[in-house]
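Please look through the sequence and the structure shown here, then read on.

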Amino acid sequence: MGVGKLMNDVKPYLAMVLLQVGFSGMYIVSVASLKRGMNHFVLVVYRNLVATVVMAPFALIFERGVRPKMTPLIFLKIMGLAVLEPVLDQNMYYLGAKLTSATFGSALVNILPAITFLLALVMRMEKLRLRSLHSQAKVVGTVCTVAGAVLMILYHGPVVPFPWSAAGHHHASAAAAAAASQSSASWLYGTVMIIGSCLCWSGFFILQSNTLQSYPAELTLATLICFLGSVLTGGVALVAERHDMSAWVIGFDTRLFTAVYSGIVCSGVAFYVQGIVTQARGPVFVTAFQPLCMIITTVLGSTILKEETTLGSVIGAVIIVVGLYCLIWGKSKDHLGSNGKPGAAAVAGELPLTSAPTANNGSYGKHAALGGGHHVVTGVETTPPPPPCVPKCVH
């Protein structure tokens with residue numbers, strides 16, 4: 001019994017660590033392919049087509065008898081999700097990472113929880129009580145996250161030489177000169193694209209939580225999002241690359257590997273693993289592992305892609321991580337009742353920064369725990385949690 005309990009306690013940690021390794025690999029191979037000339041529109045199309053093929057059989061088999069009826073309103077919501085996620089989010093992120101670096105991109109996306117928190121406040125889906133300590137922690141975390149992002153954008157500084165980097169100290173001066181001569185306009189444009197992708201990603205989370213109330217078929221919803229996303233992005237790509245149809249041609253090289261790897265690992269496997277861990281431990285637990293991906297990507301980027309990391313990026317990333325964990329700590333208290341024990345929100349695994357009333361007579365969907373009634377937690381007043389979040393196709 002003790003060994004079995006230990007294994008169950010270790011599984012979520014091991015799953016999230018391996019998942020972050022998978023995400024880091026996606027950051028590296030995608031940036032490598034993009035900087036070798038692969039079109040980001042084409043990459044998004046192929047990636048989501050692969051994800052559709054991977055997830056469709058599971059959706060057809062496991063949700064055959066529980067799939068709700070499709071209505072025009074639900075279809076419009078799914079179309080909106082497809083526009084926010086594959087069309088805008090993925091394309092903006094890939095373009096931003098191409099113009100900056102895999103390391104910079106993986107660090108900057110850690111501002112996502114803060115952006116989602118701010119959007120939830122604006123939409124009145126989150127309420128603060130500034131006299132509460134954990135509410136103050138969320139405010140401080142958001143400010144630190146934004147400050148770290150601003151520092152990464154405005155200050156580069158000297159290149160930080162890593163001991164595992166092949167270049168070492170011998171090429172530090174040359175790398176610093178190359179970084180200084182890099183187009184500031186391109187770097188700034190890439191940064192804006194990454195921040196824009198985070199805005200779209202946050203909007204996706206909020207709309208997704210609303211859509212799942214009326215269409216609680218998680219696998220089917222994810223499959224439809226990927227399929228519609230590939231169709232819409234395909235149309236955009238045909239227009240954007242109408243004078244160069246060779247952009248669609250990929251061989252047995254890194255471009256094909258990038259599309260297949262991103263579609264299977266970051267859409268198929270990630271969908272399943274994140275869904276299971278979110279239901280078991282809650283979304284705050286999943287969010288806490290994001291900085292690990294940044295660290296792994298920094299190591300891989302400096303060794304495989306020979307990327308250089310500046311002092312400003314390091315300091316900014318540290319500030320962002322501090323802010324992230326302040327925000328996570330504040331949100332984790334939302335899952336505790338007045339007696340300090342997990343409450344209904346913790347059991348149901350609500351979204352980290354949003355909550356809304358449930359549909360279907362109070363049912364949270366086939367994977368959710370029971371709960372009900374308007375509940376108040378220390379510092380944040382929320383309504384009953386929505387159905388479990390379907391993890392999106394991560395960048």
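Predicted model: local features only at pLDDT ≥ 70, side-chain atom pairs only at ≥ 80, totals over all residues.

## Confidence

The chain has an average pLDDT of 79, and 78% of its residues score at least 70. Between residues 167 and 176 the pLDDT is below 50, and this stretch has five contacts in the model beyond near neighbours in sequence.

Another stretch, residues 342-391, stays under 50 in pLDDT. For these residues the model has 124 contacts beyond four places in sequence.

## Overall make-up

The chain contains 14 helices and four strands. Of its 395 residues, 52% are buried. Taking contacts between residues at least 6 apart in sequence, 87% of them join residues at least 24 apart.

The accessible surface of the chain is about 17500 Å². Carbon and sulfur atoms account for 71% of that surface.

Where does N39 sit in the chain? Its place is in the loop between α1 (2-35) and α2 (40-62). N39 has a relative accessible area of 13%, which is under the 20% limit, so the residue counts as buried.

Two polar partners can be named for the side chain of N39. One is the backbone nitrogen of F41, reached at 2.8 Å. The other is the side chain of E241, with which N39 makes a polar contact at 2.6 Å. Leaving aside residues up to four places away in sequence, N39 touches L34, E241 and A247.

## A nonpolar patch on the surface

A nonpolar patch lies on the surface, formed by L118, V146, V150, L154, Y155, L311, V314, I315, V318 and V322. Together these residues have about 790 Å² of accessible area.

Which helix gives the most to the nonpolar patch? That is α13, with five residues. Both α6 (133-154) and α13 (311-332) supply at least two residues each. V322, one of the patch residues, is placed in helix α13. V322 counts as partly exposed because its relative accessibility, 44%, falls between 20% and 50%.

## The salt bridge

How many salt bridges does a search of the whole structure find? The search finds one. Side chains of opposite charge can pair when their charged atoms come close. Here the pair is D253 and R255, whose closest N and O atoms are 2.9 Å apart.

## A positive phi angle

K306 is placed in the loop between α12 (290-303) and β2 (309-310). The phi angle of K306 is near 55°, a positive value in a residue other than glycine.

Key:
Residues numbered from 1 in each chain as written. Heavy atoms only, no water. Buried < 20%, exposed > 50% of the residue type's maximum accessible area, 1.4 Å probe, protein only. Polar contact = N/O pair within 3.5 Å; in protein donor to acceptor, adjacent residues only side chain to side chain. Contact = heavy atoms within 4.5 Å. Areas by Shrake-Rupley, 256 points an atom, 1.4 Å probe, with all protein chains shown as cover. Patch = residues over 30% accessible without salt bridge, like charges linked within 9 Å, V, L, I, M, F, W, Y side chains within 5 Å. Salt bridge = Lys/Arg side-chain N within 4 Å of Asp/Glu carboxyl O. pLDDT = per-residue confidence, 0-100.
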